[in-house]
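I opened my notebook to look at one chain. I start with the whole and then go to a few parts.

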Amino acid sequence: MSRNKKQLRETSIPIDKNTSFRFVFTIGKSRVENLKVLGESVSRIKKEFNDQLDILIIDSHDGQAANLIADSQNELGNLVAPNIKILGNDSLQDAGEIPQTKSSLSVWLSLEGLVNPINFNDFFRYNISHLPDTEYYLLNWDNKGPLVSTGWILTTLSSDFLLSRPVFSKLPSLSDYSWYLKNNNLTQTPLAIQQSTPYQPSGILKNLELKPLGNIKRWVDWNISSVFRKQTPTEILSTSSNPPFSRALFILIAALSLIILPLISYNAGISGDEEKHYMQAEKVYNYFATDGKDTTSLSDEKYKLNYYGQSFDLLTFAVIKKLNIENVYEARHVMNGAVGALAVLCSGLLARILMGNFAGIITMLLLLFSPGFLGHAMNNPLDIPFAFGYIFTLLQLVRFLKRLPLINYGIAFLITLGIAFTISIRIGGLLLIPYIFMFSGLYLLLRPMPWKNFTAFWWKIAGKGLLVLAGITVISYFLSLLPWPYALQSPLKNPFAAMKMMENITVSLRVMFEGKIIWSDSLPASYIPKSIFLSIPIMVMAGFLMALVLIRKKQNAFWIFLLFFVVVFPVAYIIYKESNVYGAWRHLLFIYPPMVVMAGIGMQSAFNAWKNKYYRIAVLAVFIGSMINPAAHILRNYPNHYIYFNEIAGGVKKAYKKYETDYYMVSLKPGTEWIIENIVEKSDADSANPIRIVSNAPSDIMNYYFRDYKHKVKLPYTRYYDRGLYDWDYAIFFCNYIDPYQITHNIWPPKNTIYTVTLDGVKICAVVKRENKNDHYGFEMLNDAIRFRDNAKLDESIQLMENALEYDKHNEITYLNIAQAYILREEFDQARKKLNTLLGFYPNYEKAINLIGYSYLNEGEIYNDKAKIERAISLFNETIRINFKFAAAYHNLGLANLIKGDDTAAFNYFQKSIDNNPLARDSYFMMANILEKRGDPQQAKDIREYASRL
């Protein structure tokens, strides 16, 4: 088999002598010599093909081509083609002036750089007359040397569309038209032309690449001007999937999101972790401002924030500091909203590249009307910038792959920046590096190329690509470390230490899931998938599934696989690693933009599945109808709208009793605004006699909200269920960590709530006025009674707490305190009666069950009643079943086993108590007693000294 026939078989294009062509040449910076070579090329066409071609030369600067032809008249006199036609600038503005042709295909080439004759006869051997208008071939001249790409084969309809576009260059080249070709989303397939390249080797590849600058006029014409002028039949047919109004609508939605999202973010509440990140950003800023002398950013025992890159937080801090902005969190939220809008834009661009403008529009709308994503976009300084870096990098990766086998170094640079930015937010961004290798390799293997896989030339192209990807890896990795002081200390060690820490986060929080309170490091595998499933708009799920079902073309299937993988793999990996996650699925927000891109593609595929007008109206109606609920939710509940559950979950009202709602504490902002307006501003309080306002939110958040009223208020912190311990006048409680039973039975919000922040009818934040402080006074009296062993004070404390319970029958901490007092009086039945009352409205309260067990333990020890001791042990075990991290229950089991004479079991339980609470001083002392009893006084002494320092 000849090499030519072998190549034809490899490209799967059989010979057909009936194919006809129009050859379109751009003039570029051509010289007379180039036109002479064209004339020689045409003179070599076989007579049998004379009627199967015509030639157009595009000359937007009228006269240049004509002058060239005049200068080379002798050489062109022997042309066997009917004519060489010249299209000037005026003709190019009007499709009606484009010469008609009987050819079904157009070959676009460049005169510039043409130094050897083209063998036009080879083109007539290709049976590609059925090339769709939505596809084109990228020509590659292949003769055992460097692969050179210098042109396209298009349908004549698509070619006429290009010819009707305005040309702003005086000497038009292929790159002038390449811009429109790529923005019209035509599918590119490389095609090998089996002859030596007729072009000079140097710089030829640049003919098909666009320069970063000089495309503003094209952009305006493509996206704006074309909307306001009458469309020719050629334009309408060639751009049916991307009509001008769709391009303008895409730009409009993107522009509005870039304006509106930062504006609406100004009113967002401070998110739960935000103040910690901002304080760490200040430490990072000081590290660089002092040339590394300030090292406070290098370690963070409590929050481990030194393991995060902090690039976005550092940027916000620097901007706020340089501009001397007082409302720091509002400014941060505006910048957060801008990054969220960029994530929306990148998602739309990715969908547009893969499936056209309408898919991009659908994608952006789905993101903008996703309450969870939109809410986090306003105030989440970690997960939203990370999501932006993720989708930005994926966008650039797709652009990079679509240009293969040409390697676009500008896009490679953007991929580098994207990966660097993502890693600089969270080390998990390293995941993008294996992505680019994996998908580049798959694309090279699966995509039709003008050479056979695993040939010497294939390896040459693959090797070049590997070098580029290796460069991206190295440069992006080290760039990502620049804003990260901890990583800079040991660039090849510390980032991986951070990754190890991220996979095994030690901070564990209690999470409400499926109506139960569960520790975050013990959540079931269904936690993340179910949280996603119940909290995103139904249309996103439906579109995601449609993309999997409706995509038929192999080319589109590859992109869907890419999107599916980058969505599903992180979820599967977290489940496999049993990683500690909490706050619903906010740590995985980065998978949501590509998920929505898939949904946009799926919706567009459903729309295209059948061209019947009524079917398409129905699909559009379903899409609009499905978005009414999330859109209305946003409008009703702004700026707290991130709390969202879809129709499958039964909306917020039903999910409120089973799942976390305001885990990010944003409802505190309207709560504090109400109390400032209605209480603080109207009060005569001063620093000598302040209003005491407690909250279950971190003190730094409350201090910021009340920053202008520090002379009037004191802001102690309290856990919600400890609220009766402290002296306060008003309280602001957000609803997280409230027991599901109390929510279901309307025990939340607490007595004397004077204002609530509601969301779809449920109360997510309560402002409480305190009118009875007997619970607090009784607790203080109880402490005095214990300290001074004063029975009179003990009796007085009980009376105060009885009065408090008469006022508020749901005062949990007071039931615990009064039970403790009765145990001290050895009135064990009375203590248990109080605790059982508490369990009546808080059934699984581990503190109450543990204290009942403690009452039995004391009673059993006093009266030497083994049955009561066993009863105590069973209750302590029940406490651990409910909360396996409850240190006091382990300590009490240790005491019970000491009473039983089992020192070994007791020692182990005291150790478990310390494992769950390193500050459990009493457990240390009990362990020391056992060690001393075993004959190890030195270790006992060491433990006592350590415990004494706690």
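I checked burial first: 57% of the 950 residues of the chain count as buried (under 20% relative accessible area, with a 1.4 Å probe and protein chains only). I note that this is a predicted model, where local features need pLDDT of at least 70, side-chain atom pairs count only at pLDDT 80 or more, and totals for chains, interfaces and linings use all residues. Residues are numbered from 1 along each chain as its sequence is written, and side-chain values use heavy atoms, leaving out hydrogens and water.

Next I looked up the secondary structure. I found 40 helices and 14 strands (DSSP runs, numbered from the N terminus: helices are H or I with at least four residues, strands are E with at least two).

Then I turned to strand β5, residues 135-141. Six of its seven residues are buried. I saw that β5 pairs with strand β7, residues 187-193, in the parallel sense over seven bridges (pairing takes at least two DSSP bridges). Y137 stands opposite T189 in β7.

Last, I picked two helices. Helix α34 (residues 828-841) packs against helix α35 (residues 846-862) at an angle of about 165°, and their axes are 9 Å apart (axes are lines fitted to C-alpha atoms over the stretch in contact; angles run from 0 to 180 degrees between N-to-C directions). Therefore α34 is roughly antiparallel to α35 (angles over 145 degrees). I also listed contacts (heavy atoms within 4.5 Å). The α34 side includes F828, R832 and L835, and the α35 side includes A848, I849 and L851.

Conventions
Buried means under 20% relative accessible area, exposed over 50%, partly exposed in between (1.4 Å probe, protein chains only). Angles under 35 degrees count as roughly parallel, over 145 as roughly antiparallel, 65 to 115 as roughly perpendicular and the rest as oblique.
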